[in-house]
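Reader: Please take me through this model with a close look at one part, the aromatic side chains. I would like the cut-offs stated as they come up.

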Amino acid sequence: MHLHLLRFTAWCLALIVGGAAAEVAAEPVLFSTVVIDAGHGGKDGGSVWNKLVEKKLCLDVAKRVEAALKSSGLKTVMTRRTDTFVELEQRAHIANRMSSAVFVSIHFNGSRKTSISGAEVYYRSTRGKTFALAVNRSIKSRVPGGTRGIYYADFKVLRETQMPAVLVECGYISNKRESRRCADPSHRQELADAIVSGLLAVRGKK
Ligand SMILES: [Zn+2]
């Protein structure tokens, strides 16, 4: 996402709302389907840094998330599975056709402040926040590079999806060390596994 102006606002809000509820055990959320949204695609490459193109990394991690969820017995829907451009409205529309679903959007980050590194997890709704906390905790505990925390954001895919939704910025490819990590398929597998284990941690049993 290229929403640097929003980031400061999101950061302020996260400071206000991020701390207090973090330790409260959340209610499990029932779901049987995960809508996986690989960011960007086609004419929209996303961020490009250190010879890495965001759209390719997003799709790679999305496919790894898909495989891990399927092997856990969950149903999955991909908003794209090739290098194609999909409008944000269309991504939400694909998701909103599904029932008993959660939505996870996969992105990588870039900033002219190249010292910044770490994943970030965004949410907009209260239920989305439950997933954001769990995914953030999971990435923080098992993926090198860790996270910068959870943030509220009024992103279109979060606003227009009628289900719990999170957007994961998997790391800053503008940061030299992080870009080297993100270029490594085994790191991207760790990211995918951490995202899946975060989602499953929230899942209620039927
Ligand atoms: Zn992006």
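How many helices and strands does the secondary structure of the protein chain come to? Then, in detail: how many aromatic pairs does the structure hold, and where in the chain are Tyr122 and Tyr151?

Author: The protein chain has seven helices and eight strands, counted as DSSP runs numbered from the N terminus (helices are H or I with at least four residues, strands are E with at least two). This is a predicted model, in which local features need pLDDT of at least 70 and side-chain atom pairs count only at pLDDT 80 or more, while totals for chains, interfaces and linings use all residues. Residues are numbered from 1 along each chain as its sequence is written, and side-chain values use heavy atoms, with hydrogens and water left out.

Mean pLDDT, the predictor's confidence in each residue on a scale from 0 to 100, is 91 for the protein chain, and 86% of its residues reach 70 or more. Over residues 11-23 pLDDT stays under 50, and the model has 12 contacts beyond four places in sequence for them; a contact means heavy atoms within 4.5 Å. Where pLDDT is low, the predicted coordinates should not be read in detail.

Of the 206 residues in the protein chain, 55% are buried. Buried means under 20% relative accessible area, exposed over 50%, and partly exposed in between (1.4 Å probe, protein chains only). Among contacts in the protein chain with a separation of 6 or more, 82% are between residues 24 or more positions apart.

Now the aromatic part. The structure holds four aromatic pairs. Tyr122 and Tyr151 make a stacked pair, because their ring centres are 5.3 Å apart and their planes are at 25 degrees. This pair links distant parts of the chain, with Tyr122 in strand S6 (residues 119-123) and Tyr151 in strand S7 (residues 147-152), 29 residues apart. Tyr122 is buried at 1% relative accessibility, and Tyr151 is buried at 5%. The rings of Tyr123 and Tyr152 have centres 6.1 Å apart and planes at 80 degrees, so that pair is edge-to-face. Tyr123 in strand S6 and Tyr152 in strand S7 are 29 residues apart, and their pair also links distant parts of the chain. Tyr123 is buried at 4%, whereas Tyr152 is partly exposed at 25%. The criteria are as follows: rings of Phe, Tyr and Trp (its six-membered ring) pair if their centres lie within 6.5 Å, with planes under 30 degrees apart counted as stacked, over 60 as edge-to-face and the rest as tilted. Tyr122 and Tyr151 also belong, with Phe155, to one aromatic cluster.

The charged end of Lys43 is over the ring of Phe85, 4.3 Å from its centre. Arg203 lies over the face of Phe31, at 5.7 Å from the ring centre. The test is NZ of Lys or CZ of Arg within 6 Å of the ring centre and within 35 degrees of the ring normal.

Between strands S6 and S7 in the numbering comes helix H4 (residues 126-142), which holds Lys129. Lys129 is buried at 13%, and its C-alpha atom is 8.1 Å from that of Ile150, 21 residues apart along the chain. Beyond its neighbours within four places in sequence, Arg181 contacts Pro144, Gly145 and His187.
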